[in-house]
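Student: I have a structure open and would like to learn how to read it feature by feature. Could you walk me through it?

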Amino acid sequence: MATRKKQVKRIGILTGGGDCPGLNAVIRAVARPAMTSSCVSPEKVEVYGFLDAFKGLVYNKYIRLTSKNISGILTMGGTILGTSNKDNPFAMPFRKDGTLAKVDMSTRALGNYKKLKLDALVCIGGDGTMAISYKLSKIGINIVGIPKTIDNDLAATDFTFGFDTAVTTATEAIDKIHTTAASHHRVMVVELMGRYAGWLTLYAGLAGGADIILLPEFPYELDKVCDNIMARKREGKSFSIVAVSEGARPLGGEMIVERTVAESHDPIRLGGIGKKVADDIEERMGIETRVTVLGHVQRGGSPTALDRVLSTRFGIEALNLVMQRRFGRMVCLRGKNIASVTLKEATNKLKLVTPAHPIVNVALGLGISFGTDVVECSIMKKCAMTKKGKKGR
Ligand code: F6P
């Protein structure tokens, strides 16, 4: 006789890591149909939101989600549940006499999950949250993950939600910097977030019309950056916009660490390369140069329509996986389709910009410099080859 699958009655949900626009849209997309829709389950499902990421799970701090407290949150940035990028149940940080210690409190997290009689826990987060989720799934918590980050650096998904909004915000900032750059005939350097991946800078740089884009993946040479500014000057363009990723570094140099957050899963916080690039250009070329660090403004605000749609699709698919009891998975975007991968596959694989990426090629085709000759434009190479071929005939 076929055994019937245990009915899902109670779900937990939490948001982990750095916040980003779209988190509330996901919470709504999981909770609303779970609580109200008869096509999800004949019995209504209860949904509990843990506060401040895994900290809430460890210290049993949660709220019951209701149609009232999730109403109107689709358009809101941040997360109504709060978040943290410091609390890992397997190494919970606490300070005693000024000294930082880390304690394994995963058993307590599992105990709270059981005490609340949860059938599943939906964890929304980036690579750090997914790594913790994978470990929690191995000690007996039924987890479904949903990928978020403005960095778009998770290899298992084509796009994370939050990215499009951050690109839009950064693009608007670069647009504004353009007018003042042109008026003052200056070089304007704009530093963007993204950690070790250059996606945010690549997309916003292209969309904002940056002349030079410096990414962590392609160490730059100052000479090449200055050559490009000089070439623009010769063409009568008296200003230049340089979009720099916080993880960019000169060839042979190191990334600049702005601070270390000892409690954090990934303690390194990057920042400061924008100022270095601006100072070096000014010193080398004698052109007045200014730097703008976009910072956390890139993580704020209302999600774009694209992010709202992606968040909602992810949330609905995560709920589907929960109801089918397909745990230990993370939802993802593959082309235009929503799919899922195991949490193991989702963990510890960064997606970085490659020289052959189509967007890199488009930028090169447009004459944008990456401050290095290492990245070659295959579109232009193709054109040159076709011309040669024609000549030879
Ligand atoms: O991962 C998202 C992100 O905003 C990165 O782009 C940035 O490097 C980091 O988080 C900043 O972290 P915090 O909010 O701890 O300063």
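Predicted model: local features only at pLDDT ≥ 70, side-chain atom pairs only at ≥ 80, totals over all residues.

Student: Where does Ser 264 lie?

Tutor: Ser 264 sits in the loop between strand S11 (257–260) and strand S12 (268–270).

Student: Let's go on to sheets. What is the strand order in the sheet of four strands?

Tutor: This open sheet has the order S9-S10-S8-S13, with parallel pairing. S9 and strand S13 (289–293) stand at the edges with a single partner strand each, so one side of each has no neighbour in the sheet. On average, neighbouring strands of this sheet are turned by 20 degrees against each other, direction ignored.

Student: How many bridges link S8 to S13?

Tutor: S8 and S13 pair in the parallel sense over five bridges, and Val 187 stands opposite Thr 289 in S13. Helices cover this sheet too. H5 packs on the sheet and touches S8, S10 and S13, with a direction at about 165 degrees to that of S8. Helix H8 (residues 273–285) also packs on the sheet, touching S8, S9, S10 and S13, and its direction makes about 160 degrees with that of S8.

Student: How should I read the two faces of a strand such as S10?

Tutor: In a regular strand, side chains alternate between the two faces of the sheet. In S10, Ser 240, Val 242 and Val 244 are on one side, while Ile 241, Ala 243 and Ser 245 are on the other, and all are buried. Strand S10 (residues 240–245) is thus mostly covered, with six of its six residues buried.

Student: Which strands does S10 pair with?

Tutor: Strand S8 (residues 187–192) pairs with S10 in the parallel sense over six bridges, and Val 187 has Ser 240 as its bridge partner in S10. Strand S9 (residues 212–214) runs parallel to S10 and is joined to it by three bridges. There, Leu 214 stands opposite Val 244 in S10. From S9 the chain crosses through helix H7 (residues 222–234) to S10, and this β-α-β crossover is right-handed.

Student: What is the order in the sheet of seven strands?

Tutor: That open sheet runs S3-S2-S1-S6-S7-S14-S15, and its pairing is mixed. Strand S3 (62–64) and strand S15 (337–342) are at the edges, each with a single partner strand, so one side of each is left without a neighbour in the sheet. The twist averages 25 degrees from one strand to the next. Strand S14 (residues 329–334) and S15 run antiparallel and are joined by six bridges, with Ser 340 in S15 as the bridge partner of Val 331.

Student: Which strands does helix H1 touch?

Tutor: Helix H1 (residues 23–36) packs on the sheet and touches strand S1 (10–15), strand S2 (46–50), strand S6 (120–125) and strand S7 (143–147), with its direction at about 175 degrees to that of S1. Helix H4 (residues 127–138) lies across S6, S7 and S14, running at about 160 degrees to S6.

Student: And how do I describe two helices packed on each other?

Tutor: Two packed helices are described by the angle between their axes and the distance between the axes. Here, the axes of helix H6 (residues 199–207) and helix H11 (residues 358–365) come within 11 Å and cross at roughly 35 degrees. The crossing of H6 and H11 is left-handed. Leu 202, Tyr 203 and Leu 206 in H6 meet Ile 359, Val 360, Val 362 and Ala 363 in H11. By class, this contact has seven nonpolar, no polar and no charged residues.

Student: What is the phi of Lys 117?

Tutor: Lys 117 has a positive phi of about 55 degrees although it is not a glycine. Lys 117 lies in the loop between helix H3 (106–115) and S6, and at 63% relative accessibility it counts as exposed. Asn 152, also not a glycine, has a positive phi near 55 degrees. Asn 152 is found in the loop between S7 and helix H5 (163–184), but at 1% relative accessibility it counts as buried.

How values were computed:
Residues numbered from 1 in each chain as written. Heavy atoms only, no water. Buried < 20%, exposed > 50% of the residue type's maximum accessible area, 1.4 Å probe, protein only. Pairing = 2+ DSSP bridges. Right-handed = clockwise from strand over helix to strand, strands pointing away. Axes fitted to C-alpha atoms, helices over the stretch in contact; angles between N-to-C directions. Left-handed = near helix turned anticlockwise from the far one by under 90°. Contact = heavy atoms within 4.5 Å. Nonpolar A, V, L, I, M, F, W, Y, C, P; charged D, E, K, R; others polar.
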